[in-house]
Amino acid sequence: MARNKGRSNPEINSSSMADIAFLLLIFFLVTTTIANDRGLSLQLPPNPEDIENIDIKIPERNLFKIQVNSADKLLVEGDPLENVSEIRGMIKEFVMNNGRDPESSDTPKEAIVSLKTDRGTSQEKFIEVLDQIQGAYYDMYAERIGVTNKRWRDIASDLTDPDNKRLYDEGRGLKDGSLEFPMNLSIAEPTKIGG
Amino acid sequence: MSKFKKKANTKQDIPTSALPDIIFMLLFFFMVTTVLREVTINVKQRIPDATQLRKLQRKSLVSYLYIGEPKKTDQWGSEPRVQANDVFIEPKDVILWVTAEKDKLNEVERDQITIAMKVDREAKRGLVADCELELRKANARKLLYTTIQELDE
């Protein structure tokens, strides 16, 4: 007790600690940009000038046609469709047909999904349709290796991991350098009809 | 007891009245020095929603194209435009831009360049498709449409 003689309690005023904390908080809030490197991934076809102009006849049954006009209205296999989310099921049925229905695809390998838009189609509608098509394929791939759709997309995003690469190849049926279950998505050049 | 109390009448509080000034000084310092974004986006960016998102692994290989209606419509008009870096470009200039972006990368990685397109939902397909055609010509064929995760029902 005697040692405290002549001293009052030395205490640092900490009432402004809150201000400092708020300041830091605001600073980080402002500077942090939320990583937004996620989206629909797509591989473009090669340069049109490099492709030899060969007319390849694709049987009608192997084509799944989706057309979108400038008013964002859909035409799927020749019939108007209101609900975009129905496409997902239709594509799965079409690809997995394996020659049963003579109107539908022969094998998954030959099945082609064709998406044609107009120059006036909004990007929003295009993304919506593309999302359904990719969703259908990812669902089928995921099912083939027995994982969830989300897990499949994680696998496909990171192929540096050998395990992921193996599962990825298995899902897409890679055999002797060719895919048995490719995602044949043809995005045609937009038409100029609709104004 | 009174013996101890006697000497304790000097104030020992640290004056804190200057603290806010110090804090403000720090704040301004950081505000001035921090680079928030590399480019100022001059086009409207209402990014569409989607469910089947995939993540990009290597951020260094990604270059961004922004497409949408200009924010300053009185200066640039209301027709959607393509923005690369800080300037508006025409679709035919995309090849040059891709070449410039590829030059920034290591030689071995040049073919792996990924173009992330940040397209406004109101933008028309015609303009986007024109850019895609140029990308094909420039041999930058990995494409990503940036979208926001939509919640599954």
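Guide: Welcome! A polar contact is a pair of N or O atoms within 3.5 Å; within protein, one must be able to donate a hydrogen and the other to accept it, and residues adjacent in sequence count only if both atoms are side-chain atoms. This is a predicted model, in which local features need pLDDT of at least 70, side-chain atom pairs count only at pLDDT 80 or more, and totals for chains, interfaces and linings use all residues. Residues are numbered from 1 along each chain as its sequence is written, chains are lettered from A and ligands numbered from 1 in the order written, and side-chain values use heavy atoms, without hydrogens and water.

Visitor: What makes the link between the side chains of A:T191 and A:D118 a polar contact?

Guide: Their distance is 3.0 Å, and the limit is 3.5 Å, so the pair qualifies.

Visitor: Why is A:T191 called partly exposed?

Guide: Its relative accessible area is 22%. Buried means under 20% and exposed over 50% (1.4 Å probe, protein chains only), so A:T191 falls in between.

Visitor: How do you know that B:R121 forms a salt bridge with A:E124?

Guide: The rule wants a side-chain nitrogen of Lys or Arg within 4 Å of a carboxyl oxygen of Asp or Glu. Here the closest N and O atoms are 2.8 Å apart, so the pair passes. Chain B and chain A have two salt bridges between them.

Visitor: How many residues of each chain are in contact?

Guide: 47 residues of chain B meet 50 of chain A, counting heavy atoms within 4.5 Å. Across this interface there are also 22 residue pairs in polar contact, both residues at pLDDT 80 or more.
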